[in-house]
Amino acid sequence: MANNKMLIGFFVASESIFFVMLILAYVNFHGTVTDGPTAANSLDPLRTGIFSLFLLASSFSMWLAGRSLVSKNHFMMKIWILVTIILGVLFIYGQASEWMGLIGQNITISRNVFGTTFFTLTGFHGFHVCVGLLMLTILLGLAMFGDFKGPKSDGVECISIYWHFVDGVWIVVYSVIYLWAFF
Amino acid sequence: MEKLGGIFNPSSPEMVVMAGLTYYIIAISIGILAIIVVAVTYIVIRYRKGSKDSSEPYQNFGDLRLEIVWTIIPIAIVAVLFQLTCSTMRAVDPPIGDHEPDVVVTGHQWWWEFYYPKSGVLTANELHMPVGERLLLRIESIDVIHDFWVPELGRKIDAIPGHTNYIWIGAGEPGIFLGACAEFCGTQHANMRIRVIAETQEEFNEWQEQELVIPSTPRSGIAAKGAELFQTKACMNCHTIVGTPAAARIGPNLTHLNNRQTIGAGVLTNSPENLTKWLVNPQKYKQGALMPNMKLTDSEVNAIVAYLEALK
Amino acid sequence: MSTRIPLVPENIKPLPSLKGNEGMLSWVSSVDHKQIGLMYLMSTLVFFIIGGLEALVIRIQLAQPEFDFISPEVYNQMFTMHGTTMIFFVVMPFLIGVGVYLVPLMIGARDMAFPRLNALSFWLVIFGGILLYYSFLTQSGPSEVGWFAYAPLSEKPFSLNKGPTYWALGLLAVGISSVSSGLNNIVTILTMRVKGMTMRRLPLFVWMILVTSFILIFVIPIIASAFAMMLLDRLLDATFFTPAHGGSAILWQHFFWGFGHPEVYILILPAFGIISEVIPVFSRKPIFGYSFVAGSTVAIGLLSVGVWAHHMFAVGLGNVANAYFSLASMLIAIPTGVKVLNWVATMWGGKIYFATPMLFATAFIIEFVMGGLTGVAIASAPINWVTTDTYFIVAHFHYVLFGGSLFAIFAGVYYWFPKFTGRMMSETLGKWHFWLTVVGFNMTFFIQHFLGVMGMPRRTYTYHDLPYWGSMNLLSTIGAFVLAISVIIFAWNIIWSLKHGKKAPDNPWNAWTLEWYTTSPPAVHNFNLVPPVRGRRPLWDLAHPDQLDEPNSKVV
């Protein structure tokens with residue numbers, strides 16, 4: 001049914017407003033911090049940039065999974081979903097280690113408005129990635145038991161739309177937090 | 001008939017302009033409402049279904065010309081209102097330029113501090129101003145959002161922590177104008193009142209000079225006991241009395257409490273009896289106020305009242 | 001030639017429910033849109049009575065100057081809970097619920113596109129309501145910072161009680177519910193219309209639900225993010241809205257009203273939809289200017305997201321911003337005025353039958369125009385500086401939300417009750433309810449316009465004995481009690497009619513939309529057959545095959 005894809009399309013549109021507001025909050029306080037940690041003095045754009053590439057690549061592998069579904073190549077579809085999950089987990093690992101590093105320097109959500117907006121924005125994004133990973137894992141599990149033989153599946157296509165959305169949000173978030181601070 | 005307040009008694013040039021605009025829009029609104037009411041009443045009488053009539057009326061689906069007409073007319077009305085809105089806004093809120101504020105107004109939970117930077121007067125809840133002068137007020141808040149509002153003299157303006165606002169205010173005639181905090185600010189929002197005392201320039205100057213006098217501390221009698229209690233019973237932790245070690249600005253400056261008409265930001269009129277009642281238990285008159293019941297004995301209360309009354 | 005086509009069997013499989021959709025268990029397990037719709041309506045009646053009692057407590061406290069009925073804390077809790085309850089747990093779920101019941105029937109569908117998501121939406125409202133009201137059991141009671149919860153008053157250290165936390169969590173649950181029902185409505189309306197039901201033939205109620213659903217999915221995330229930030233501030237010491245730590249008090253207001261003003265249209269557009277169904281049927285004429293009524297709704301929906309700061313004229317945003325928001329807000333009067341005039345034109349030349357639904361719809365026009373006109377006045381920044389945060393505003397939005405939304409809701413209940421239950425409501429009790437509501441409502445709120453411009457601020461638990469303030473407030477309080485009596489009659493009418501009401505035929509009002517084609521109440525599967533849809537009024541076309549709406553008439 002086209003219903004499911006329409007639902008996820010509007011859902012993603014609705015979610016993007018949620019992220020727009022979090023980003024606006026970040027932008028609103030950008031440059032208001034006079035002492036204490038800021039994006040410019042506490043973040044490492046290169047390291048996070050490299051981990052971001054994993055997420056970007058995972059969008060590509062998810063697309064390939066969709067292609068395999070259409071061509072009814074069940075085995076390759078499972079492989080590409082697995083690759084997507086691995087890349088997503090690597091990204092989350094990068095995020096988690098960045099957070100741990102910051103918290104180790106006593107840069108927390110309650111430290112100042114930079115900490116508040118940074119942790120909220122990246123935290124909600126990370127949460128969305130984790131939800132996506134959970135759904136992909138379920139997808140993979142079902143595929144292992146023989147589901148999704150193709151050439152069409154709303155489940156695969158909807159989760160794919162969601163995953164591309166999460167990836168797209170990250171491009172904006174990375175640009176606003178990291179690129180804006182350093183370039 | 002007693003005089004109605006607020007918009008029915010505009011007492012400053014700004015308020016006259018705003019009240020005028022309000023009357024104007026209300027008149028237009030009543031006109032439109034009347035048209036609708038008349039039309040609906042006519043319909044109710046004229047087009048009521050007869051009890052035996054079961055035929056269907058003429059099926060009319062609409063009329064493009066009518067739609068255009070009743071789209072354009074409101075557009076014209078809105079255009080006029082918008083023009084009036086802009087001109088009124090300019091009249092009420094002219095640019096500040098490089099004027100220094102005449103009074104700095106600071107909202108506290110639940111009282112107002114008024115500081116006159118040009119003379120150094122620091123007082124609370126009662127704003128004195130000379131008639132006919134247009135004063136520039138700087139509006140700030142120390143805790144939550146409040147709103148400075150004297151209905152007969154002018155607009156509302158929020159007092160927001162971390163954000164400075166300015167308004168122009170002036171009184172066209174002498175008198176006492178009552179105002180209040182207009183933005184909900186917590187438990188005692190209702191009792192965060194303002195009194196504007198508009199007086200002649202001479203009276204204002206005289207008041208200002210009195211406020212600047214540093215009163216001498218009573219040396220003898222019950223008032224001297226009160227002076228001592230004031231410094232030892234934690235009063236000084238929150239209040240200021242100029243010329244003594246008490247210099248805190250958490251509560252209102254009490255140096256010239258004598259000169260003020262009310263206590264507790266308008267809860268009670270200022271008299272020795274009421275001051276006594278207030279000191280016995282402020283929570284009885286202003287429940288939730290930040291001034292606790294100090295559990296003073298009757299003689300302690302009397303001594304402090306005598307002291308505050310003696311400060312001249 | 002066959003005049004009937006069989007319903008396209010969208011969903012032959014039984015609905016995905018635990019134990020079917022009938023019997024006692026169905027009150028928990030059902031995913032049938034009609035049962036969920038009724039559950040919405042019943043729970044809103046309960047919340048309506050709770051919110052009404054809170055209003056009575058407020059009015060008793062204000063009956064006299066310096067009155068001592070409740071403490072300031074309790075007063076502040078009452079107006080916070082009254083506003084929150086009426087907006088989020090009465091008007092919103094009622095309109096969503098009546099939409100959930102009627103949309104599939106009106107478009108000739110078997111159910112919503114996502115029946116289980118529909119059930120989730122309902123149960124989230126109940127969950128949110130429990131979270132909100134649970135705060136009464138916490139040590140210091142429910143939130144006392146108002147339904148707008150301005151920072152930093154709603155933040156530490158000014159609100160150390162748990163009330164605002166439960167409040168935000170409860171409303172977050174309602175927000176998720178609203179987004180999911182918005183999504184569900186959009187997909188249902190866009191994809192599940194019966195053959196022949198084009199967008200230009202959609203019943204206006206469905207149009208209004210569609211526009212409302214778009215507003216829901218795009219503005220609820222605004223407040224959801226603000227609630228998330230507020231909760232982070234309160235629970236993890238984040239600093240979004242605490243100026244003392246670098247946050248911004250004004251940011252909360254932008255976020256809150258960015259949602260809060262479109263919310264007003266969420267509360268009124270489906271009410272417009274109800275009126276747009278009731279007035280034509282009882283006037284025996286098609287709606288005048290269908291395209292303009294539908295199109296003006298879209299215009300209102302688009303404008304609604306660009307006017308939020310007219311709630312913030314006292315903040316001091318500067319004259320340029322104030323001028324823009326004044327103009328944008330006034331512009332909304334134009335599509336709204338178009339609607340009102342089209343309703344009046346629909347009645348003009350009709351043969352009007354004044355049953356209770358039509359009485360409420362007629363009164364709605366006048367009360368709503370009243371609220372709309374004061375709305376235009378306060379859209380002008382200088383007038384707003386005079387009236388904002390006074391009883392003038394209280395009067396204004398009660399004319400819109402009570403005189404508007406609630407009058408329409410009453411009209412809708414009397415209109416569709418026969419379809420929902422298979423029984424008619426008592427007309428006698430209905431007329432008592434109507435007249436007491438009109439009298440009580442205007443008595444309570446009209447006088448508040450004057451109190452406001454005379455200088456009485458809102459949200460104050462007490463006031464000085466200034467000239468006429470006491471008597472005007474007393475009049476308002478008496479009006480509130482008249483309203484309370486009218487609500488008792490209304491509730492009694494529902495209960496009495498459920499058991500003893502006259503048996504309702506399938507189409508008691510001789511109406512034209514598809515829900516009246518099926519039985520009263522409809523079977524679980526809604527329709528055996530649906531008539532062909534060749535115009536906006538399928539049942540009219542069926543009854544007047546020689547006088548079809550579209551082929552012969554110029555349809556605007």
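Predicted model: local features only at pLDDT ≥ 70, side-chain atom pairs only at ≥ 80, totals over all residues.
The contact between chain A and chain C comes first. Chain A contributes 23 residues, and chain C contributes 26. On the chain A side, two helices each supply at least two residues: α1 (2-29) and α5 (113-144). The largest share belongs to α1(A), with 15 residues. By class, this side of chain A holds 14 nonpolar residues, 8 polar residues and 1 charged residue.

Chain B is split into two domains. Domain 1 covers residues 103-212, and domain 2 covers residues 221-310. Their centres, taken over C-alpha atoms, are 22 Å apart. The two domains touch: 18 residues of domain 1 of chain B and 15 residues of domain 2 of chain B take part in the contact. On the domain 1 side, four elements of chain B give two or more residues each.

One partner is β4 (residues 126-130), which runs parallel to β10(B) and is joined to it by 5 bridges. Within this part of the chain, B:M129 stands opposite B:A198 of β10(B). Another partner is β9 (residues 175-181) of chain B. Here the strands run antiparallel, and 6 bridges join them. B:F177 has B:V196 in β10(B) as its bridge partner.

Nonpolar cores complete the picture. The largest contains 314 residues. Six of its members touch the most other members: C:V206, C:I275, C:V278, C:F360, C:F364 and C:A411. Helix α6 (residues 204-236) of chain C provides the largest share of this core, 23 residues.

C:F364 shows the local surroundings of one core residue. Leaving aside residues up to four places away in sequence, C:F364 touches C:I275, C:G404, C:F407, C:A408 and C:A411. Two of these, C:I275 and C:A411, are also listed with C:F364 among the residues that touch the most other core members. A second core is separate and has 6 residues. Among them are C:M78, C:F79, C:M81 and C:Y461.

Technical notes: Residues numbered from 1 in each chain as written. Chains lettered and ligands numbered in written order. Contact = placed C-beta atoms within 7 Å. Nonpolar A, V, L, I, M, F, W, Y, C, P; charged D, E, K, R; others polar. Domains from an automatic or database assignment. Core = buried A, V, L, I, M, F, W, Y, C linked by C-beta atoms within 7 Å. Buried ≥ 20, exposed ≤ 12 C-beta atoms within 10 Å, placed from the backbone. Pairing = 2+ DSSP bridges.
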